[in-house]
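Here is a short tour to read alongside the sequence and the coordinates. Keep the viewer open and follow each topic in turn.

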Amino acid sequence: MKEEQRSLLLKSAALFSPPQGVKLSYGTAGFRADASILQSTVYRVGILAALRSLKTRSVVGLMITASHNKVTDNGVKITDPSGGMLSQDWEPFADQLANAPTSEILVSLITEFVEKENILLGGEQSAQILLGRDTRPSGENLLEAAKQGIKSVLGATALDMGVLTTPQLHWMVHARNKGMKATESDYFEQLSSSFRCLVDLISNGTKINPTDNKVVVDGANGVGGEKLEILKSMLNGLAIEVRNSGKGGGVLNEGVGADFVQKEKVFPHEFGFKDVGIRCASLDGDADRLVYFSVASDCSSKIDLVDGDKILSLFALFIKEQLSVLDGEKNERSDNKYQARLGVVQTAYANGASTKYLKQSGLEVIFTPTGVKYLHEKAAQYDIGIYFEANGHGTILFSEGVLSWLEAKNNELASLAKGSEQQKAALRLLAVSKLINQAVGDALSGLLLVEAILQHMGWSIHKWNELYQDLPSRQLKVKVVDRTAVVTANAETRVVSPPGIQEAIDSETVKYPQGRCFIRPSGTEDVIRVYAEASTQEDADTLANSVASIVDQFLGFGTPK
Ligand SMILES: CC(=O)N[C@H]1[C@@H](OP(=O)(O)O)O[C@H](CO)[C@@H](O)[C@@H]1O
Ligand SMILES: [Mg+2]
């Protein structure tokens with residue numbers, strides 16, 4: 001490493017000492033912790049982002065957010081040039097950087113890594129990093145730390161994009177590297193115009209009753225609410241009311257937001273019995289998760305939850321329908337043999353009833369471990385891959401091949417059968433590919449796609465919710481001495497270590513009709529998660545509780561060491 005570069009790094013690193021006695025790990029969603037200990041981590045991730053940009057010779061992103069965590073937490077993660085998550089093979093280096101105890105060790109780790117990765121360090125090559133942050137008060141200071149990290153790599157520049165949703169930053173990185181327009185107003189323009197296109201393609205017969213045309217959205221008192229306010233002013237034919245936009249004094253993620261609504265199954269603040277019968281939706285703190293719900297009419301605070309699995313089912317049904325309309329046309333013209341491969345990706349948290357429904361609908365369903373990076377990777381192997389976590393994070397990926405096929409199809413049909421159902425199907429699929437974020441799950445684009453499809457189908461939220469009935473389920477967390485002691489296999493459905501625990505779980509699970517239960521270490525919290533499903537809520541609760549006790553017996557603090 002050149003002396004100029006070395007001393008620059010040493011000088012800036014001295015300003016950011018790492019927290020004592022904390023081991024940080026680049027988990028499922030980057031580094032997350034109490035904001036007060038993150039200065040040095042964010043500074044170091046700034047360096048990492050610059051190295052990633054040098055290595056890939058592309059623009060990368062750095063987002064400061066802790067999503068649905070409490071407001072005093074914060075976090076940082078990198079967006080790869082594709083717009084996806086940081087490549088997994090760089091995660092161990094991220095951990096090493098974050099945990100380096102001194103500036104000297106930090107610099108020697110960097111020296112070693114750039115040599116191994118053949119990264120040209122010294123200013124000959126330029127690097128560019130787009131920065132974004134959510135609305136957390138700690139975000140501004142942490143952003144400065146990220147800028148310091150980036151500035152200490154010669155040739156690297158930071159472009160501060162301001163307060164953004166996480167998916168907006170991913171979208172911008174993706175768009176920039178594809179040479180497309182990539183500002184925030186381009187984002188809003190693309191979403192609103194493709195939504196308009198989908199609505200314009202709805203046949204008059206199925207047009208929804210205008211009074212059904214309203215959705216009330218809980219913005220989690222975060223960035224999503226304020227961005228949705230901008231987006232809604234660009235839309236016609238859909239009334240969006242935003243609550244918990246963060247302006248009314250409510251606290252980020254406190255009793256509000258998609259994570260709260262999905263896990264607690266009760267309505268968020270500012271919602272209540274006045275909303276019975278209305279279609280409601282909830283975003284999480286950085287607007288990359290979306291769930292729908294309706295307030296139950298029994299005067300409790302319960303809701304009918306329409307979770308990520310059901311959003312996935314709605315999307316899959318619509319895409320399948322459009323592909324078969326196009327297929328009908330293909331049969332008449334046997335020279336065109338293209339068959340788009342449609343795949344659906346879920347995790348073990350997907351409600352068993354959703355998987356059964358999807359399979360019965362003739363869809364190919366596969367499973368991956370928890371975490372968007374795994375789902376995204378699998379979905380990208382299809383022509384059209386749809387993935388969703390039950391908690392509402394997901395999107396639809398279109399391959400380059402299927403997009404060119406759709407473009408060609410549309411051009412051909414425009415001259416042969418303009419305005420035909422087949423041409424409309426091609427146009428609809430093309431509009432979906434523009435509306436739905438190709439980089440990562442995006443609550444704002446997901447919301448608009450749900451709304452467009454419900455209008456297309458002429459469905460109320462109740463009709464949608466009746467696609468299938470969720471099996472009762474329960475999720476619990478158990479604090480243990482060392483969560484890394486739990487090692488899983490088969491997309492996290494089986495525990496392989498510690499020995500004996502899986503057998504104990506199995507012998508509990510068989511006691512319950514339609515019982516299913518698994519445990520796994522969380523990637524974002526220091527806990528073991530327990531998930532149980534059964535034919536009644538009581539059974540699901542009992543099964544979850546018994547398995548939580550098993551976890552405690554094997555791994556809890558009472559265990560003799
Ligand atoms: C059960 C659950 O909801 N797990 C979430 C949560 O991960 P854990 O590894 O379970 O802590 O946060 C991840 C990041 O947001 C998300 O991808 C995942 O689905
Ligand atoms: Mg989030």
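This is a predicted model: local features need pLDDT of at least 70, side-chain atom pairs count only at pLDDT 80 or more; totals for chains, interfaces and linings use all residues.

A residue is called buried here if 20 or more other C-beta atoms lie within 10 Å of its own.

**Strand E3 and its partners**

- E3 spans residues 73-79, and seven of its seven residues are buried, so the strand is largely enclosed by the rest of the structure.
- E1 and E3 run antiparallel and are joined by four bridges.

**The buried side of helix H3**

- Helix H3 covers residues 91-99, and its buried residues are Phe93, Ala94, Leu97 and Ala98.
- These residues cover an arc of only 135° around the axis, which puts them on the same side of H3.
- What lies over the buried residues of H3? The cover includes strand E1 (31-34), helix H2 (39-56) and helix H4 (103-116).

**The chain as a whole**

- The secondary structure of the protein chain amounts to 18 helices and 19 strands.
- The chain has a radius of gyration of 24 Å, close to the 24 Å that the globule rule gives for 561 residues, so it is as compact as a globular protein of that length.
- Along the principal axes, the C-alpha atoms fill a box of roughly 70 × 60 × 50 Å.
- Buried residues account for 49% of the 561 residues in the chain.
- Of the contacts between residues at least 6 apart in sequence, 71% join residues at least 24 apart.

**Around ligand 1**

- Which residues come nearest to ligand 1? Of the 15 residues around ligand 1, they are Ala29, Asn391, Ser522, Gly523 and Thr524.
- The shell around ligand 1 is made up of three nonpolar, nine polar and three charged residues.

**Backbone details to inspect**

- The peptide bond from Ser497 to Pro498 is cis, with omega near 5°.
- Pro498 sits in the loop between strand E17 (494-497) and helix H17 (501-509).
- Lys265 has a phi near 55°, a positive value in a residue other than glycine.
- You will find Lys265 in the loop between helix H9 (258-264) and strand E8 (279-283).
- Is Lys265 buried or partly exposed? Lys265 counts as partly exposed, because it has 16 C-beta neighbours inside 10 Å.
- Ala287 is not a glycine either, yet its phi is positive at about 60°.
- The loop that holds Ala287 runs between E8 and strand E9 (290-295).
- Ala287 is buried, because 33 other C-beta atoms lie within 10 Å.

Note on methods:
Residues are numbered from 1 along each chain as its sequence is written. Chains are lettered from A and ligands numbered from 1 in the order in which they are written. A residue is buried if 20 or more other C-beta atoms lie within 10 Å of its own, exposed if 12 or fewer, and partly exposed in between; C-beta atoms are placed from the backbone. Helices (H or I, at least four residues) and strands (E, at least two) are DSSP runs, numbered from the N terminus. The arc is that of the directions from the helix axis to the C-beta atoms. Two residues are in contact if their C-beta atoms, placed from the backbone, lie within 7 Å. The radius of gyration is taken over C-alpha atoms; the globule rule is 2.2 Å times the number of residues to the power 0.38. A residue is near a molecule or strand if its C-beta atom, placed from the backbone, lies within 6 Å of it. Ala, Val, Leu, Ile, Met, Phe, Trp, Tyr, Cys and Pro count as nonpolar, Asp, Glu, Lys and Arg as charged, and the others, Gly among them, as polar. Two strands pair if DSSP finds at least two bridges between them.
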